[in-house]
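Here's a quick look at one strand, its neighbours and a sulfur link. Have the viewer open as you read.

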Amino acid sequence: VQLEESGGGLVQVGGSLRLSCKGMKSPFTINAMGWYRPAPGKERELVAGISSTGTTYYADSVKGRFTISRDDAENTLNLQMNSLKPDHTAIYYCAAPELGAWGRGIQVTVSS
């Protein structure tokens, strides 16, 4: 399974970005998906996740700011990022962990 992220870039504090992840096959309908980023003491931490039934999870640092969604018909996973802060600067990875599938990552930089 191949995953490819898009939509990252440079934005000012308080701005918005929308990340998208396109799957070349179809892991989306039967698997949980998520967006991850590197974290101190861990390889990566889960920023936002969504189950196959649509149940969502958000890390405390992004609650109320980020929204994860999926379009299984289009094999696409999205992350709407609003009210961005410098702490949100990171490389974000799209993943279907149960399949061991990871994107290459995309840079998000929030400037103050």
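What follows covers the ground rules, then the strands, then the disulfide.

## Ground rules

This is a predicted model, where local features need pLDDT of at least 70, side-chain atom pairs count only at pLDDT 80 or more, and totals for chains, interfaces and linings use all residues. Residues are numbered from 1 along each chain as its sequence is written, and side-chain values use heavy atoms, with hydrogens and water left out.

Strands count as paired if DSSP finds at least two bridges between them. β3 (residues 17-23) runs antiparallel to β8, with six bridges, and L19 sits opposite L79 of β8. β7 (residues 66-71) is also antiparallel to β8, again over six bridges; here R70 has L77 as its bridge partner. β7 and β8 make a hairpin with four residues between them, and N75 in the turn shows a positive phi of about 55°.

## The disulfide

Counting cysteine sulfur pairs within 2.5 Å gives one disulfide. It joins C21 to C94, S to S 2.0 Å, and it's left-handed, with -75° about the S-S bond. The link ties together distant parts of the chain: C21 is in β3 and C94 in β9 (residues 90-96), 73 residues apart.

Are these cysteines buried or exposed? C21 is buried at 0% relative accessibility, and C94 is buried with a relative accessible area of 0%.

Notes. Helices (H or I, at least four residues) and strands (E, at least two) are DSSP runs, numbered from the N terminus. Buried means under 20% relative accessible area, exposed over 50%, partly exposed in between (1.4 Å probe, protein chains only).
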